[in-house]
Amino acid sequence: MNISNLTLARYHRFLYSDKNQLSFSESFAKIAGDAGSAQYDLIIADLHQFVTEPIVEGSASECSNSTPIMVMYDELSVEEKVLLYQVGASVLLKKSTAIEICAAQALALIRLKNDDEIRQKSYPLIFGTELMIDPSCRTVKVDGKVMDLTKKEYDLLYCFVQNQRQVLDFEQLYEKVWKESVNLSNYETVKAHICTLRKKLSHVGKSYIQNIHGVGYRFVPPEY
């Protein structure tokens with residue numbers, strides 16, 4: 001890692017919080033993977049190997065989610081800076097920049113990300129007169145009646161609705177809802193929660209969540 005232990009410690013001093021997860025990375029491939037997992041509030045990238053590590057096609061789509069990426073560099077050409085922005089960088093800062101400014105920029109990026117997530121969760125999702133999900137009070141109404149869902153069941157349904165018609169596998173669901181990397185023991189956890197959620201929906205005569213055998217699950221909205 002090209003960020004010195006002293007610098008790393010100083011970043012933690014400025015940015016550490018129980019609410020913030022920080023990833024320090026020097027590989028663009030690792031950055032793309034971290035950004036795509038949606039489990040971080042901010043990614044700080046040290047790209048001293050940028051010139052010798054070509055950025056592969058498709059990196060832009062891998063980094064297209066809302067996780068901000070702050071890139072620290074020694075020297076970059078104009079073309080390299082443009083390319084970094086094109087493939088997902090949010091901010092480029094020279095390593096000689098005062099640590100206080102870097103930390104302030106990082107906190108601003110985290111704040112913007114959190115504000116954006118709050119805005120996205122503020123509007124009710126309405127499907128005709130049949131289904132309404134209100135993120136502001138975490139309620140789900142089907143045909144005007146409030147469903148009794150646990151926290152994770154609500155989070156799962158909301159995740160499906162946000163990605164409607166997209167097939168999500170167990171790994172994607174666990175990372176999006178539980179905000180952690182999945183392992184083998186977690187598959188049964190996801191499966192059990194989906195099973196319970198589908199049963200509750202079937203009790204009110206609905207089957208919004210389809211099982212795509214061997215692949216995963218997807219949300220199919222009701223017909224208007």
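Helices and strands are DSSP runs, numbered from the N terminus. The model described here is predicted.

Helix α8 spans residues 184–203 and has 20 residues. From its first C-alpha to its last it reaches 30 Å, close to the 28 Å expected at 1.5 Å a residue. Five of its residues are taken up next. Asn-186, Val-190, Ile-194, Leu-197 and Leu-201 are buried. Seen down the axis of α8, the buried residues fall within an arc of 70°, so they line one face of the helix. An α-helix has 3.6 residues a turn, so residues three or four places apart point the same way. The face turned away from the buried side carries exposed residues: Leu-184, Ser-185, Glu-188 and His-203. After α8 comes Gly-205, with a positive phi near 75°.

Most residues other than glycine have a negative phi. Arg-138 is not a glycine, yet its phi is positive, about 55°. Arg-138 sits in the loop between β6 (131–134) and β7 (139–142). Its relative accessible area is 39%, and it is partly exposed. Asp-143 also has a positive phi of about 55° and is not a glycine. This residue is found in the loop between β7 and β8 (145–146). With a relative accessibility of 45%, Asp-143 counts as partly exposed.

Aromatic rings were examined next. Rings of Phe, Tyr and Trp pair if their centres lie within 6.5 Å, and planes under 30 degrees apart count as stacked. By this rule there are six aromatic pairs. Tyr-154 is buried, with a relative accessible area of 4%. Tyr-158 is buried too, at 7%. Tyr-174 and Trp-178 form another stacked pair, 5.0 Å centre to centre, with 5° between the planes. Tyr-174 counts as buried at 6% relative accessibility. Trp-178 counts as buried at 15%. Elsewhere, ring pairs link Phe-127, Tyr-208 and Phe-219 into a cluster.

Note on methods:
Residues numbered from 1 in each chain as written. Predicted model: local features only at pLDDT ≥ 70, side-chain atom pairs only at ≥ 80, totals over all residues. Heavy atoms only, no water. Helix = DSSP H or I, 4+ residues; strand = E, 2+ residues; numbered from the N terminus. Expected span 1.5 Å × (residues − 1). Buried < 20%, exposed > 50% of the residue type's maximum accessible area, 1.4 Å probe, protein only. Arc of directions from axis to C-beta. Phe/Tyr/Trp six-rings, centres within 6.5 Å; stacked < 30°, edge-to-face > 60°.
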